[in-house]
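The stops below are given in the order in which to select them.

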Amino acid sequence: MINNLLDKYLPILTKIDEKKREQVYSYFKNAPIWILESFSIEKMKKGKTFIREGYPADTIYFIVDGLVKASDYRVCDIKYDFILFSDFYAFGGMEVLMDIDTYRTSIETVTDSTILKLPRKQFARWLATDISALKYEAKLMGENLLQEARTTRLFLFLQGADRLMMLFVNRYKKFSVDGKMVLKNDRQELGEYTGLSAKTITRAIKKLEEEGMLTKKGNNVVISRDQYLKMEEKLSEMIFQNE
């Protein structure tokens with residue numbers, strides 16, 4: 001029943017992949033009609049910052065289609081992109097649960113994206129009256145924070161090529177298609193995710209290519225499943241040694 005209603009209020013669901021559609025259905029499986037009537041949809045171009053740290057957290061955003069990243073400018077005014085999101089997640093939900101009035105990080109589209117928006121007041125009212133929805137949102141927030149903390153801890157002892165290798169492994173898990181991931185070799189962007197300089201990125205990519213862990217094709221980096229498994233094995237050995 002709720003799936004049919006969601007399709008009615010959000011016809012775009014019939015045009016997105018099955019995995020994302022099931023995530024939407026799971027998230028709103030107990031949602032009342034007044035929540036569905038509060039939805040609005042916006043298409044955003046690549047490179048748009050739709051949430052800014054310190055701004056009033058008055059809207060909840062969900063990524064229906066596309067990819068976004070979280071950025072932090074608080075360390076010496078240097079931009080640090082620390083996580084990519086493609087799964088269905090309530091941006092602004094953490095601020096509601098923690099009773100914070102302003103957004104705690106900035107979120108930018110990495111690709112052209114379709115964004116579902118919900119007024120904060122409506123979202124907060126729903127969580128206050130539906131314990132299942134509250135528990136599900138808390139679960140997703142906790143999983144995200146655990147992933148972020150784990151990544152940060154590992155980055156503390158990884159350097160150069162090893163740090164870049166970890167980024168590639170994490171991206172492969174999320175974005176590989178038919179056993180292969182193609183990634184643009186953008187040194188500035190890769191530096192923003194790893195905290196490495198452009199020169200170090202160049203040396204790291206060369207080293208990983210020489211070790212057979214990636215393939216350069218024009219301006220792209222291509223990683224096969226076998227190469228991914230080699231990187232994952234090497235990372236696992238290093239992590240085990242440092243535990």
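Two strands pair if DSSP finds at least two bridges between them; strands (E, at least two residues) and helices (H or I, at least four) are DSSP runs, numbered from the N terminus. This is a predicted model, in which local features need pLDDT of at least 70 and side-chain atom pairs pLDDT 80 or more, while totals for chains, interfaces and linings use all residues. Residues are numbered from 1 along each chain as its sequence is written, and side-chain values use heavy atoms, without hydrogens and water.

Start with strand 8 (180-184) and strand 10 (residues 220-224): they pair in the antiparallel sense over five bridges. Select V182; its bridge partner in strand 10 is V222. Helix 7 packs on the sheet and touches both strand 8 and strand 10 (contact: heavy atoms within 4.5 Å).

The open sheet has three strands in the order 8-10-9, with antiparallel pairing.

Next, select helix 7 (residues 160-175) and helix 9 (residues 198-210), whose axes are 9 Å apart at an angle of about 75 degrees. The two helices are therefore roughly perpendicular (65 to 115 degrees). Helix 7 contributes G160, A161, L164, M165 and F168 to the contact, and helix 9 contributes T200, I201, A204, I205, K207 and L208.

Finally, colour by pLDDT, the predictor's confidence in each residue, from 0 to 100. The protein chain averages 84, and 89% of the residues score at least 70.

Notes:
Axes fitted to C-alpha atoms, helices over the stretch in contact; angles between N-to-C directions. Parallel < 35°, antiparallel > 145°, perpendicular 65-115°, else oblique.
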